Amino acid sequence: NWAGTAFNAPLLPAFGLLFHRWFISSALVFCCLATAAGAQETTLSLCCARGNDLESVLKKCGQRHARSDTPLKAIEAAAPGSAVLILADGYPEKTTPVSPEIFGLAARKNLRLYIEYPQMLPGLAIGVPQTITWERAMVASDDFGATLPQNKILALHDCHYIPMSAPHPLLVIARVAGFDTAVYGLPKISHPVLFEVPGQRLLVA
């Protein structure tokens with residue numbers, strides 16, 4: 001369970017600060033994942049450009065990791081049962097290219113996948129990237145615990161997102177009323193920006 005393992009870990013407040021780029025947040029999330037599981041020898045596999053900010057954060061966290069240039073190479077090289085982060089080096093100008101075959105391979109190896117700003121996802125319709133105007137981020141689930149309660153409003157400045165649907169999102173983009181809490185709850189129109197794909201070990205941002 002992604003949320004139960006990663007987001008309730010001690011470093012969660014760092015995620016709540018919402019660094020200016022999603023990949024910084026994801027680095028902290030996966031540092032939490034390894035810490036919470038007590039698996040200091042777990043190797044994370046990253047698909048990103050050399051010198052990516054996330055990789056730098058992982059190094060400062062002392063987190064072991066491997067880096068590959070393509071999603072397929074990262075998944076092929078990953079140890080069974082480990083985690084693979086496919087990062088959005090092209091954000092916001094370009095979505096992250098992924099192919100259907102990587103999801104089948106990841107499932108056969110029982111991998112946890114985290115994908116940012118994806119070009120496609122199996123079984124999900126994906127729209128054209130959009131930018132926010134009056135919208136803000138909002139916690140849409142109680143999976144984070146008391147540190148980030150449901151309906152908490154967060155700021156994602158100059159956020160670019162891909163319209164898609166998710167039955168139980170963790171974070172959404174929406175136009176909401178309130179200062180730090182959405183006083184009327186989740187509105188009818190919202191767009192998930194962090195969610196787990198049902199039936200898969202797949203977290204999408």
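Visitor: Where does P92 lie?

Guide: In this predicted model, P92 lies in the loop between β3 and α6.

Visitor: What makes the peptide bond between Y91 and P92 a cis bond?

Guide: The omega angle of the bond joining Y91 and P92 is about 0°, and the bond is cis. Most peptide bonds are trans.

Visitor: Why is the pair of Y91 and Y117 called edge-to-face?

Guide: A pair of aromatic rings is described by the distance of the centres and the angle of the planes. Ring centres have to lie within 6.5 Å, and planes over 60 degrees apart count as edge-to-face. The centres of the Y91 and Y117 rings are 4.9 Å apart and the planes stand at 75°, so the pair is edge-to-face. The structure holds one aromatic pair.

Visitor: What makes this a link between distant parts of the chain?

Guide: Y91 sits in the loop between β3 and α6, and Y117 in the loop between β4 and β5 (130-131); the two are 26 residues apart.

Visitor: Why do Y91 and Y117 count as buried?

Guide: The limit for buried is under 20% relative accessible area. Y91 has 15% relative accessibility, so Y91 is buried. Y117 has 4%, so Y117 is buried as well.

Visitor: Which value of phi does D158 have?

Guide: Phi of D158 is near 55°, again positive in a residue other than glycine. D158 is found in the loop between β7 and β8 (160-161).

Visitor: Why is D158 called exposed, and N151 partly exposed?

Guide: Exposed means over 50%, and partly exposed covers the range from there down to the buried limit of 20%. D158 has 58% relative accessibility, so D158 is exposed. N151 has a relative accessible area of 21%, so N151 is partly exposed.

Visitor: How do you know that R67 and D69 form a salt bridge?

Guide: The rule asks for a side-chain nitrogen of Lys or Arg within 4 Å of a carboxyl oxygen of Asp or Glu. For R67 and D69 the N to O distance is 2.7 Å, and the side chains meet in a salt bridge. By this rule the count comes to one salt bridge. With 54% relative accessibility against a limit of over 50%, D69 counts as exposed.

Visitor: Which strands stand at the edges of the sheet, and what makes them edge strands?

Guide: The sheet is open, has nine strands with mixed pairing, and runs in the order β2-β1-β3-β4-β11-β10-β9-β6-β7. β2 (65-68) and β7 (153-154) each have a single partner strand, so one side of each lacks a neighbour in the sheet.

Visitor: How do you know that β6 pairs with β9 and with β7?

Guide: Two strands pair if there are at least two bridges between them. β6 (residues 136-139) and β9 (residues 171-174) share four bridges, in the antiparallel sense; M138 stands opposite V172 in β9. β6 and β7 run antiparallel and are joined by two bridges, and the bridge partner of A137 in β7 is L154.

Visitor: How many bridges join β10 to β11?

Guide: Two bridges join β10 (residues 191-196) to β11, and the strands run antiparallel. E196 stands opposite L203 in β11.

Visitor: Which residues have the most contacts inside the largest nonpolar core?

Guide: They are I75, V84, F103 and L202, in a core of 25 residues. Among the elements giving two or more residues to this core are α5 (71-77), β3 (83-86) and β11 (202-204). The largest share, four residues, comes from α6. Apart from this core lies another, of 24 residues, including F144 and L171.

Visitor: Where is confidence lowest, and where is it highest?

Guide: Helix α2 (residues 12-16) is lowest, at a mean of 34, and α5 is highest, at 97. Over residues 1-24 the pLDDT is below 50, and over residues 34-40 it stays under 50. Where pLDDT is low, the predicted coordinates should not be read in detail. The mean for the protein chain is 82, and 80% of its residues reach 70 or more.

Conventions
Residues numbered from 1 in each chain as written. Heavy atoms only, no water. Core = buried A, V, L, I, M, F, W, Y, C linked by side-chain atoms within 4.5 Å. Buried < 20%, exposed > 50% of the residue type's maximum accessible area, 1.4 Å probe, protein only. Phe/Tyr/Trp six-rings, centres within 6.5 Å; stacked < 30°, edge-to-face > 60°. pLDDT = per-residue confidence, 0-100. Contact = heavy atoms within 4.5 Å.
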